[in-house]
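Come along and check each entry as I go.

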Amino acid sequence: MPLQPDYLLSRFFPPIEHAYSPRDTQLYALGVGLGTDPLDAGQLRYVYEGKDGQSLRALPTMANVLAYPGFWAREADTGINWQKILHAEQEIRIHAPLPASGRVKGTTRITGLWDKGESKGAFLQQTRDITDAETGRLLATVVQLSLLRGDGGFGAGGSAGAPPAPHAMPEGEPDQVCDLATPAQLALIYRLSGDLNPLHADPSVAAAAGFARPILHGMALMGVAAHAVLRTVLDYDDTRFAGMRVRFTAPAWPGDTLRTEMWVRDGTVSLRVTAVERNVVVLTNARVDLR
């Protein structure tokens, strides 16, 4: 069936409950590259529970994998040409610190659908609120913007206005630069947090998609960039991390050295990430909001 904008904008998503343990929190942090320096106390707080067993912290970007509804665009009722979806942007807003373990509920809805025209595709925005399953307290909001390359030209019925404009990057030289080497097995670790797409593990699947090797998950790339800000600007104080928005521009590969350039202005850190060895910008028009 073709895409029906009225139906899609009102589509019901069953709430998802997700229980996670300290082990899951540690595995997520390892999957975005923390723990590579066993003497770095800042990194250890996200991968080690401490002598008291109570010192573990959850990285703010772990919100991306909590109560995730899965690849729902593949379901027949959506009318989406799912083979041509491109992940364009991701945003998280942290309302309260994520517990290192617990049970959360995710509620997903479609919050935008903008037609770019025949053969140009459409933008779809989905929003997920993550709450504590026991208290109902809102912990985080996750917003994903996807380009539906095969679904433009549906005409009336979409959202008014336009999708969010990209974050404007400052001019001049960055205030801070952080290089983080990623291990070659990073995607194989990250996928254990729930994204099992074989594109990130199977060389034959990657080759069929036009890549020389399995690529890094976009959400893992976002986590590496967040780590750079935590390390360089925040001294690993995640309580100051209020939110993050990124735009993906090219795939990163496990094993890349990722250079994050940072411009710190009035409570916002603007970001650009380059794969150093290949001189490819993989993430830009990005920002982290500070408390």
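I searched the whole structure for aromatic pairs and found 4. Rings of Phe, Tyr and Trp (its six-membered ring) pair if their centres lie within 6.5 Å; planes under 30 degrees apart are stacked, over 60 edge-to-face, and the rest tilted.

I noted that this is a predicted model, where local features need pLDDT of at least 70, side-chain atom pairs count only at pLDDT 80 or more, and totals for chains, interfaces and linings use all residues. Residues are numbered from 1 along each chain as its sequence is written, and side-chain values use heavy atoms, leaving out hydrogens and water.

I looked at Phe13 and Trp72: they pair edge-to-face, 5.0 Å centre to centre, with 85° between the planes. Phe13 lies in the loop between helix 1 and strand 1 and Trp72 in the loop between helix 3 and strand 2, so this pair ties together parts 59 residues apart in sequence. Helices (H or I, at least four residues) and strands (E, at least two) are DSSP runs, numbered from the N terminus.

Are Phe13 and Trp72 buried or exposed? Both are buried, where buried means under 20% relative accessible area, exposed over 50% and partly exposed in between (1.4 Å probe, protein chains only).

Next I checked Phe71 and Trp82, which also pair edge-to-face, at 5.9 Å centre to centre and 90° between the planes. Phe71 is partly exposed at 42% relative accessibility, and Trp82 is partly exposed at 28%.
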